[in-house]
Amino acid sequence: MNIKFFSPLVVSILLLVGVSNANAKGQPTPHQREVQRCDHDAHVAAGKLKAEFNTVDSNQNGSLEKNETAATKITARCFRHLDRNNDGVLSTTELQRMS
């Protein structure tokens with residue numbers, strides 16, 4: 001490869017990388033965007049479940065299992081996010097903290 005051609009090519013690539021990095025500063029990473037989306041969805045889900053708790057709690061045991069929240073279209077991702085103690089059920093306390 002000719003050095004006269006190679007040098008401008010390298011400089012152009014470095015400039016493009018620099019510009020793209022400058023634009024990316026302050027932007028959330030894909031992981032941060034996923035956490036933000038999950039937080040938002042979980043807050044919305046918590047508010048909905050809190051308002052409909054007695055209706056959704058079909059076995060009236062004072063907590064919500066995954067199968068009970070399926071009727072309200074709460075995703076598994078939101079359920080896991082709301083279930084702070086990872087016991088597989090949502091308590092009213094967990095919903096209070098999130099909404």
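# How do you know? Questions on this structure

Reader: Why is Asn86 called exposed?
Author: Asn86 has a relative accessible area of 64%. A residue is exposed over 50%, buried under 20% and partly exposed in between (1.4 Å probe, protein chains only), so Asn86 counts as exposed. This is a predicted model, in which local features need pLDDT of at least 70 and side-chain atom pairs count only at pLDDT 80 or more, while totals for chains, interfaces and linings use all residues. Residues are numbered from 1 along each chain as its sequence is written, and side-chain values use heavy atoms, with hydrogens and water left out.

Reader: What else can be said of Asn86, and where is it found?
Author: Asn86 sits in the loop between α5 and β2 (89-91). Its phi is near 55 degrees, a positive value in a residue other than glycine. Gln60 also has a positive phi, of about 50 degrees, although it is not a glycine. The loop between α3 and β1 (63-65) holds Gln60.

Reader: What makes Gln60 buried or exposed?
Author: Its relative accessibility is 53%, so Gln60 counts as exposed.

Reader: How many helices and strands are there, and what counts as one?
Author: The protein has 6 helices and 2 strands. Helices (H or I, at least four residues) and strands (E, at least two) are DSSP runs, numbered from the N terminus. Along the sequence the pattern reads α-α-α-β-α-α-β-α.

Reader: How do you know that the length of α2 agrees with its number of residues?
Author: The expected span of a helix is 1.5 Å times one less than its number of residues. For the 22 residues of α2 that should give 32 Å, and the end C-alpha atoms are 32 Å apart, so the two agree.

Reader: Which residues of α2 are buried, and how do you know whether they line one face?
Author: The buried residues of α2 are Cys38, Ala42, Ala45, Ala46 and Leu49. Seen down the helix axis, they fall within an arc of 105 degrees (taken from the directions from the helix axis to the C-beta atoms), so they line one face of α2. The face turned away from that buried side carries the exposed residues His40 and Ala51. The cover over the buried residues of α2 includes α3, β1, α4 (66-69), α5, β2 and α6.

Reader: What makes a set of residues a nonpolar core, and what is in the largest one?
Author: A nonpolar core is a set of buried Ala, Val, Leu, Ile, Met, Phe, Trp, Tyr and Cys residues joined through side-chain atoms within 4.5 Å. The largest here has 14 residues, and those with the most contacts inside it are Leu49, Leu64, Leu82, Leu90 and Leu95. Two or more residues come from each of α2 (30-51), α3 (53-56), α5 (76-82) and α6 (92-98). The most come from α2, with 4 residues.

Reader: Which residues does Leu82 touch?
Author: Contact means heavy atoms within 4.5 Å. Leaving out residues up to four places away in sequence, Leu82 touches Ala42, Ala45, Ala46, Leu49, Leu90, Glu94, Leu95 and Met98.

Reader: Why is the pair Glu34 and Arg37 called a salt bridge?
Author: A salt bridge is a side-chain nitrogen of Lys or Arg within 4 Å of a carboxyl oxygen of Asp or Glu. The side chains of Glu34 and Arg37 meet at 2.9 Å, N to O, and a search of the whole structure finds 1 salt bridge. Both residues lie in helix α2, 3 residues apart, about one turn of the helix. An α-helix has 3.6 residues a turn, so residues three or four places apart point the same way.

Reader: Why are Glu34 and Arg37 called partly exposed?
Author: Glu34 has a relative accessible area of 29%, and Arg37 has a relative accessibility of 43%. Both values lie between the two cut-offs, so Glu34 and Arg37 count as partly exposed.

Reader: What fraction of the whole protein is buried?
Author: Buried residues make up 25% of the 99 residues.
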